Amino acid sequence: MDGQLKRGLLDVSVLTAIKNEDSYGYKIIKDMKPYLELSESTLYTILKRLETAEMLTVRNVEHEGRLRKYYHITKKGRARIEEFKSDWKEIMSVYKFITEGDNEND
Amino acid sequence: MTKTEFMQTLSKKLGGLPEKDKTERLAFYSEMIDDRIEDGVSEETAVEELGPIDEFAAQITAEMPFSKLIKEKVKPTKELKAWERVLIVLGFPLWFSLLAVAFAVIISLYAALFSVVVAIYSADIAIAGGAIIGVFEAVLFFLAGNAVGGIFFVGAAIALGALSRLMWVGCNIVAKWLFEFSKRIIVWFKSIFIKMEA
């Protein structure tokens, strides 16, 4: 898959993973496992990128004697998800146009 | 490998990264390992699941923008004394030209790889051209009534055409391989900066 495209997909996927409730690193990877394989270093880069873009915030929570980082989605993050969904509705209708011809001419 | 061993090795391999980046990343991976252990996996398996540590460090190096590595190398770890500043300024011709040479080497390597690609594709196109000429020659010979000569050139044209077609496949493979190779060179070059610090 195209690099840029994949990056965009991963970013929005991570945002979705924290959309309904705050989550932490390992849980995000587990939640996405059925759909996408995500490596630790990739996730780290994505989280850092989203944080810089102010699409999520980070806080430390004490858990079993150690600190765990929890990620929380911001309004900007939610807006990004919606933007992605509408972009893709457009892509899907263009895809329909592109592949419609296939059935007729085959 | 135990978690501590993993963290220590990783810390060494990331030696060249900016301090803040390094601590953040190490904390992140440490947390990952702990969470996996909590999930019920053994410490050994948790570390294993993260993958071979060299690949790991290489991935991080590859993702780190080159400019950040340079900035970190250049940033003084403690406040520079006056004589140190003078030394840097005086030494400018030396370290600057060394840096320039390093970049020149990288650029010439790229130029070399690129010209290899151009060369093999040109050879391929030349052979294809030969096939086309063969066809013309064949026509001329046939028109001149020389059947044997004509047949010879038809054969030659077919052979050259086939060769050029096969070569095309080979050229694509070589070009792709050289492209991947050049990417690895960049990662290797970056890793030198990181190793130098460690």
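Between chain A and chain B, about 1,700 Å² of area is buried, with carbon and sulfur atoms giving 48% of it; buried area here is the accessible area (1.4 Å probe) that two parts lose on being put together, summed over both. On the chain A side, A:Tyr26, A:Glu40 and A:Tyr44 lose the most area to chain B, together 43% of what that side buries. This is a predicted model, in which local features need pLDDT of at least 70 and side-chain atom pairs count only at pLDDT 80 or more, while totals for chains, interfaces and linings use all residues. Residues are numbered from 1 along each chain as its sequence is written, chains are lettered from A in the order in which they are written, and side-chain values use heavy atoms, with hydrogens and water left out.

Now for who touches whom. Counting contact as heavy atoms within 4.5 Å, 21 residues of chain A meet 17 residues of chain B. The rule also finds seven salt bridges across this interface, a salt bridge being a side-chain nitrogen of Lys or Arg within 4 Å of a carboxyl oxygen of Asp or Glu. For instance, A:Arg66 and B:Glu38 pair up through their side chains at 2.9 Å, N to O.

Next, look inside. The largest nonpolar core has 40 residues; such a core is a set of buried Ala, Val, Leu, Ile, Met, Phe, Trp, Tyr and Cys residues joined through side-chain atoms within 4.5 Å, where buried means under 20% relative accessible area (1.4 Å probe, protein chains only). Among the members that touch the most others are A:Val14, A:Leu43 and B:Phe6. Leaving aside neighbours within four places in sequence, B:Phe6 is in contact with residues including B:Met1, B:Ile33 and B:Phe56.

How values were computed
Buried < 20%, exposed > 50% of the residue type's maximum accessible area, 1.4 Å probe, protein only.
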